[in-house]
Amino acid sequence: MVPQPSIQLDLFEMPPRARDHGGTAITDTGEGQVRAALIAPPALTQPLMEQLCRHENLRRAYQRVKANRGAPGVDGMTAEELRPWLMAHEAELVKALLEGTYRPQPLRNVEIDKPGGGKRLLRIPTVTDRLVQQAITQVLQPMFDPSFSASSFGFRPGRNAHQALHQAQRYVEAGYEIVVDMDLERFFDTVNQDRLMALLARRITDKGLLGLIRQILRGGILDEGLQTVLGVPQGGPLSPLLSNVVLDELDQELERRGHRFCRYADDCNIFVRTPRAAERVLRSITRYVEGRLLLRVNHRKSATGRSEERTFLGHVITTKGLKLAGKSLKRFKARIRLITNRKRGVSLAHVIAEVNRYTRGWVVYFRYAQCWWLLHDLDGWIRRKLRCYRLKQCNRVNTVRRFLEQLGAARGSAWRLARSGKGWWRKSISPPAYWAMTNKWFKEQGLASLEARHKALSH
C-alpha cells in the first residue's frame, strides 16, 4: 500500500470535529441489542489498520495528545515537539504501521503518591507511542463501547462518576442499602495479557492491529531492562479501554446473576438487601474474579457494610443523598496545606491562584454532595491559612506592624501582635489579623469561595 503523504501543519492545528467516532455513528439501543453486538459486529471485520492510519484519525489523535500534554517518555520528546516531528516523519510512521514493522519504545517508570497512601506506578509511553495508542483507541472505542454494560461508567465517552453515584443512590433509596465493596489489588499490573489478547481476538480479525496491541502491551520497562508479561501499562491512552474490555466479563457475570451494581474502572460496588446476602456475594464474586478472570482481590480492603459506612468515588451514599467522605476531606486539607506551606517563598497572589485552581475543580466534582455547611467552615480555614502565610512573609516585627496598619488595624493592636512571641498560626487567628485581612480583602485579592461556588452549581 502506498504511504500517505505527510500531514500538513495547518491540518494538524485544525480543531477536532464534533463527530469523534471515526465515522461510526452510535445510536441508543436496548440492552439486549447492545449485548448482541458482542457476538459478531460486522464493523470489526473491516481492515482496522487502514482506519487507524487515515489522515483524519491521526489528526484527531494528535490534537488529543497535544491537549493532554503529559510528561515526556524515554526519548525526552514533549507534546509541543510532536508536531514538527510528525511533519518530518509522518509518512514513515504510517508505512511502519501498515507493514507491521512499528515497534513501541520502552516505557518510562514514574511513581506518584496514591490518595490513600503508598505509591502508584505509571508507565509513560513516548509522545509518538501515545499518538499511536490514541489512534487505536479512536478506532476501537466506538465499536466496543456500545456493548459494555449500562452499569459501567469509567473511561467511557458520555459517562462519568456523577452518573455512577446517582445510580448507586437510586439503588440505596430502593432498599438495597447493604454494599459489597469489591477492591481489586493492583489491577492494571495484574491483567493477564494472553487472556486479554484472546478477548480482543474474539472480535477483531485484523491481525495487524492485534499484533500492534501485543507490542504495546509488551513494551519494555526501561529501569528494569525487562519485558512485562502481566499487566496493562497504566499511563497510555489505550489502557482505559483495555481495562474495560477485561472487566466487561465481570459486568456480564453480575448481570447474569441479576445483581444491582455500579462499576467505575476497577472500583465496583454491588448493592443487596441484607448483610447475609452481601457476605455470600462477596465470597462468590471473589472466587469468580480470582479463578476465572485471574485477577487479585484485595481482601484487606474489600468488605461489606451499610452504604453510609462505605465510600464510593469519594462520597458516602445515604437514603437522603450524597455526602462528602471523610477521606476526601482529609485529602483536600492535605493539598491545601501543601499549597499554603509557609516555606515556599512565592507571592500571596501566586498561592491564591493555585488554591483557586484546585478548589474550582474540587467543588465541581463534589457539587452534588450535601456539604454547604462544611464548605463554609473550609472557606474560613483557608482564609486563616492564607493569613498565616502572609504574616510569615512579613517576618520582621516592624514589617508585620506596618502591613497590618496599612490594612486598617489599630496601631496599638498591630504593634502588640507583631511583638507577640506566639507562633504564626496562633497569630493568624488574632483580632488584628482579622481586622486587616478581612473576608472582603481576600475577595479583592481574587480568592474564590467554596460555599458560593457550590451553591451556584447546585442551582
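Helices (H or I, at least four residues) and strands (E, at least two) are DSSP runs, numbered from the N terminus. The model is predicted: local features need pLDDT of at least 70, side-chain atom pairs count only at pLDDT 80 or more, and totals for chains, interfaces and linings use all residues. Residues are numbered from 1 along each chain as its sequence is written, and side-chain values use heavy atoms, with hydrogens and water left out.

**Positive surface patch**

- Lysine 301 is located in the loop that runs between helix H12 (275-291) and strand E8 (303-306).
- Lysine 301 counts as partly exposed because its relative accessibility is 38%; buried means under 20% relative accessible area, exposed over 50%, and partly exposed in between (1.4 Å probe, protein chains only).
- On the surface, a patch of positive charge is formed by Arg300, Lys301, Lys327, Lys330 and Arg331.
- Such patches are made of residues with over 30% relative accessible area and no salt bridge, like charges being joined within 9 Å; the place of a charge is taken as NZ of Lys or CZ of Arg.
- Lys and Arg count as positive and Asp and Glu as negative, while His and the chain ends are not counted.

**Salt bridges: count and network**

- A salt bridge is a side-chain nitrogen of Lys or Arg within 4 Å of a carboxyl oxygen of Asp or Glu; by this rule there are 18 salt bridges.
- Glutamate 177 and arginine 306 form a salt bridge, with an N to O distance of 2.6 Å.
- This pair links distant parts of the chain, 129 residues apart: glutamate 177 is in the loop between helix H7 (161-173) and strand E3 (178-183), and arginine 306 is in strand E8.
- Glutamate 177 is partly exposed because its relative accessible area is 22%, and arginine 306 is partly exposed because its relative accessibility is 34%.
- A network of salt bridges links Glu177, Arg306 and Glu308.

**Further salt bridges**

- In the salt bridge between aspartate 251 and arginine 263, the closest N and O atoms are 2.8 Å apart.
- Aspartate 251 belongs to helix H11 (residues 239-256) and arginine 263 to strand E6 (residues 260-264), so the pair ties together parts twelve residues apart in sequence.
- Aspartate 251 and arginine 263 are both buried.
- Glutamate 354 and arginine 344 also meet in a salt bridge (2.7 Å, N to O).
- This pair links distant parts of the chain, ten residues apart: glutamate 354 is in helix H14 (residues 348-365), and arginine 344 is in the loop between helix H13 (326-339) and H14.
- Glutamate 354 counts as buried because its relative accessibility is 17%, whereas arginine 344, at 30%, is partly exposed.

Conventions:
Patches are made of residues with over 30% relative accessible area and no salt bridge: like charges are joined within 9 Å, nonpolar side chains (Val, Leu, Ile, Met, Phe, Trp, Tyr) within 5 Å. Accessible areas come from the Shrake-Rupley method with a 1.4 Å probe; for residues, only the protein chains shown count as cover.
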